[in-house]
Amino acid sequence: MRKDGGAEYAVVRGLTRGLDLLKALNTQEGGRSTLAQLSEATGLHRTTVRRLLETLIAEGYVRRSRSDDRYVLALHVRSLSEGFRDEDWIASIAAPALGELLQTVVWPSDLVTPQGATMIIRESTHRFSPLSFHRAMVGQTMPTLLTAAGRAFLAYCPDEQREQILHIARGGNDDQARLAADDRFVANIIARTRDAGYASNDGEWTSHRKIGAIAQPVRHAGRPVGAINIVYLNKAVSLKEAISRYLPALQKAVARIEAQLADHPPPPPQAG
């Protein structure tokens with residue numbers, strides 16, 4: 001139950017279930033799902049799932065493939081995001097560059113921007129990479145001090161912004177809070193990243209020990225507006241191999257974005 005202006009409103013279960021179904025479709029492997037898979041993913045009975053799917057098909061949000069009878073999201077689902085405004089540079093400049101980067105390295109990449117003591121994924125090629133171990137990444141957050149993308153941003157952002165990020169991180173109750181309080185660790189990360197020209201992590205992210213990554217900041221007028229990573233499984237690719245094989249492509253993608261940002265500058269960062 002929720003109160004709004006003194007009146008009580010019950011949650012509309014049919015709408016909640018329909019949204020859960022759309023989310024499940026969006027995260028299924030290859031974007032294609034059987035009725036059984038959707039029932040398992042949502043915890044809903046097959047009859048309920050079928051009824052919801054028929055409604056979504058009728059409204060143009062889902063379609064059923066003629067080739068294998070699987071369900072997929074339809075083009076009309078894009079209309080749900082038409083009212084959402086994101087920075088134009090992410091969609092028009094960064095996304096195509098990430099697409100080209102994917103064609104070269106195959107491993108997935110993310111474009112991140114700062115949000116408090118974390119980095120939020122604003123664009124990603126996880127959905128399109130055959131080597132991806134995750135799908136729905138946009139909107140997910142990652143710790144700044146434990147990830148290559150976060151370290152790349154932290155090393156090049158202004159001192160005041162860096163201290164603000166670290167101050168927020170120290171207030172947490174996790175591994176990042178401990179590291180943020182270690183001045184020697186922070187200084188070493190910053191120096192090492194600046195000396196190399198890129199940042200890395202090799203299993204340091206506590207909840208993602210199997211993941212390695214390299215990253216570079218994306219800068220406009222000398223100030224980072226985000227960072228781009230290349231993510232891989234560290235049992236398949238060593239850090240040394242990643243630097244040798246993928247860093248040139250990453251540098252090329254970042255250079256392309258920065259060149260275009262010079263002509264189409266992003267909006268100033270929001271306070272806080």
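The model is predicted, so local features are used only at pLDDT of at least 70 and side-chain atom pairs only at pLDDT 80 or more, while totals for chains, interfaces and linings use all residues. Residues are numbered from 1 along each chain as its sequence is written, and side-chain values use heavy atoms, with hydrogens and water left out.

**Stop 1: two helices, H2 and H3**

Select residues 35-42, helix H2, and residues 46-58, helix H3. Helices (H or I, at least four residues) and strands (E, at least two) are DSSP runs, numbered from the N terminus. Two packed helices are described by the angle between their axes and the distance between the axes. For H2 and H3 the angle is about 110° and the axes are 9 Å apart. Axes are lines fitted to C-alpha atoms, for helices over the stretch in contact, and angles run from 0 to 180 degrees between N-to-C directions. H2 and H3 are therefore roughly perpendicular to each other; the range for that word is 65 to 115 degrees.

Now show the side chains. Leu35, Ala36, Leu38, Ser39 and Thr42 of H2 meet Arg46, Val49, Arg50 and Leu53 of H3, where contact means heavy atoms within 4.5 Å. By class, this contact has 5 nonpolar, 2 polar and 2 charged residues. Ala, Val, Leu, Ile, Met, Phe, Trp, Tyr, Cys and Pro count as nonpolar, Asp, Glu, Lys and Arg as charged, and the others, Gly among them, as polar.

**Stop 2: H5 and H8**

Select residues 148-156 (H5) and 183-196 (H8), which pack at about 90° with axes 9 Å apart. That makes H5 roughly perpendicular to H8. On the H5 side the contact holds Arg151, Ala152, Ala155 and Tyr156; H8 brings residues including Phe185, Ile189 and Arg192. The residues of this contact divide into 6 nonpolar, 1 polar and 3 charged.

**Stop 3: Thr147**

Thr147 is in the loop between strand E8 (141-143) and H5. Is Thr147 buried or exposed? It counts as buried, at 3% relative accessibility; buried means under 20% relative accessible area, exposed over 50%, partly exposed in between (1.4 Å probe, protein chains only). A polar atom of the Thr147 side chain lies 3.3 Å from the backbone nitrogen of Gly150. Leaving aside neighbours within four places in sequence, Thr147 is in contact with Met142, Asn201 and Trp205.

**Stop 4: the largest nonpolar core**

Select Val112, Met142, Leu145, Ala149 and Leu166, the residues with the most contacts inside the largest nonpolar core, which has 30 residues. A nonpolar core is a set of buried Ala, Val, Leu, Ile, Met, Phe, Trp, Tyr and Cys residues joined through side-chain atoms within 4.5 Å. The largest share of this core, 7 residues, comes from H5. Next, centre on Ala149: leaving aside neighbours within four places in sequence, Ala149 is in contact with Val112, Met142, Ala215, Ala227 and Asn229.

**Stop 5: two residues with positive phi**

Most residues other than glycine have a negative phi, and most peptide bonds are trans. Select Val106, in the loop between helix H4 (88-105) and strand E6 (109-115). Val106 has a positive phi of about 75° although it is not a glycine, and Val106 is partly exposed, at 31% relative accessible area. Then select Ala221, in the loop between E10 and E11. Phi of Ala221 is also positive, near 55°, and Ala221 is exposed, at 76%.

Definitions and conventions
Parallel < 35°, antiparallel > 145°, perpendicular 65-115°, else oblique. Polar contact = N/O pair within 3.5 Å; in protein donor to acceptor, adjacent residues only side chain to side chain.
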